[in-house]
Amino acid sequence: MYKQLFVLFTVLITMYSCTDGGKESYQDITLEALSGLKSSKYELSSEAIRGQIKQLVKSETSSSAAIKYVCDYYKADKPLVWIDRHGIDSRADTLLAFISKVEEMGFKKELFRVDQIEEDLEKVKSLSFDGASNSANKVLARLEYNLSRAFMRYSSGQNFGFVNPALIINREPENNSDTAKMLYKHQFDIKMEHATDSFYNKALQLASKGDLGKFLHDIQPKRKLYDKLLARLNSGKLSESEWYTTLCNMERCRWNEKMIEDNYKKYVFVNIPAFMLWAVDGNEVLPMRICCGAVKTKTPLLSSEIVRMELNPNWNVPSSIAKGIAGSVGYMTRNNMFIYDVNKGRLPASGASRERILSGKQRIVQNGGPGNSLGRIVFRFQNNFSVYLHHTSSPWHFQSTNRAVSHGCVRVEKPYELAVFLLKDKDENLAKKIKYSMTYSMKKDSEGNPIPSSVAKDSLVKEVSVVPHVPVFLSYYTLYPDNSGNLVSYPDVYGYDKRIIEQLKPYAKRR
């Protein structure tokens, strides 16, 4: 027996190798070598290992998609990932090097069973098996299952996020007393990638055969902001509230959005909590204040591309506003509004029918020009909410601290400057036309239509295409760098931080 142990230890010691991080590994602890030892605690059985794994699957309490995939994988008796006849190699050390740092990310190590993995790897290294709960079969089964469990939870979380923002943000009840059915506001419409079976399959293949270290490095959050937030989280200078706010914004950086500003040289970025817009073109930045949706009429979170600018646009009054002014002919007349009827076409305000407006057979339209709620220019981009960036007839709101005042659209403080920014070629003649079109006075004809006052038609422009299209992001960060790169804290105006933190708290651990 002692001779067999000596031979096994000789094999183990000579076959250890360094990991990606330079740590000692547990490479090539062979199952044949263990099987050769004439002791029940060293007896190995593939059937027994699989049976122990299935017991672990049965006792699993997590409902996360990543861990469910792991459970289904082992239920189907698919090949073991981490152990084979050659034992456990440096891949276990590579994974451990990443998951052992989860507390720096703000998460509990228990979430990834780090301590149990470390303990069991040490048992394999030192052959500390017994005939009960720490038999070779049980230890190897725990390692196989816990390594896969930790790997899937970590890789899917870091690559796609540990919480699903659409499920959190889009679960705000809609105020609708006319139905017993629960309705929800749709406020998060950012196109995202999520972990799928294809991702999980690829991940396990790489874990068993590929470059695991490279894969784990590549799935780290892509946003430049993440590293700043990670350093802040571990600064040791934060209050509990500040720490959780940092954790929350780190989670936002993990969400695998199909469009992110870091991938573009030229883009428009709106941060709702900051009430600010930054138009970025390389190192040139045009900042301006914005007004966004009020708490009851929140601006949705989305990404798109600005495709055109419209000068002096008509405003189709949203139904949420129209139902409040449907019977106010005097108000509509004073505010240069008319009625569009699906059967009769354009009608003066006096032709309004409250019943037809509420049924959608008529809509209220405000003529473009001075006094129009959209101001003198609107910046259009495709989205599911009919929201856009635009000028405003109420510029005094930009002087307020809390600028959540609109019905969902984003009002911009410097519309002309933004228009020039969007032009590919800074055509001075076109820029002059845009400026003139935004400022000339207007008269009304006999039907109330705005007409130019002593102006040459060729001095006006009605629409300008934005070519190439410019990405636009309506985002929500309560911690975001200023122009000097310093992180600035902003109020959680819509309460989204509170909801995300509530989901993260069970897994969070302050250092």
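What is the volume of the largest cavity? I looked it up and found about 110 Å³.

**Setting up.** I am working with a predicted model, where local features need pLDDT of at least 70, side-chain atom pairs count only at pLDDT 80 or more, and totals for chains, interfaces and linings use all residues. Residues are numbered from 1 along each chain as its sequence is written, and side-chain values use heavy atoms, with hydrogens and water left out.

**Cavity.** I took a cavity as a set of points on a 1 Å grid over the protein atoms alone where a 1.4 Å probe fits but cannot get out, with lining residues having an atom within 4 Å of a point. Grid points are joined across faces, edges and corners, and the volume is the space filled by probe spheres set on the points. I found 1 cavity of 30 Å³ or more. Of the 13 residues that line the largest cavity, Ile-190, Arg-252, Trp-255, Glu-257 and Tyr-476 are the closest to its centre.

**Helix α3.** I read helices as DSSP runs (H or I, at least four residues), numbered from the N terminus. I noted that Ile-49, Ile-53 and Val-57 of α3 are buried, meaning under 20% relative accessible area with a 1.4 Å probe on protein chains only, while exposed means over 50%. Why do residues three or four places apart point the same way? An α-helix has 3.6 residues a turn, so they do. On the face of α3 turned away from the buried side I found the exposed residues Glu-47 and Lys-58. I saw that α4 (65–75) and α7 (136–160) are among what covers the buried residues of α3, by contact, that is, heavy atoms within 4.5 Å.

Methods
Helix = DSSP H or I, 4+ residues; strand = E, 2+ residues; numbered from the N terminus. 1 Å grid on protein atoms, 1.4 Å probe; cavity = no way out; pocket = protein on both sides within 12 Å on 5 of 7 lines; lining within 4 Å.
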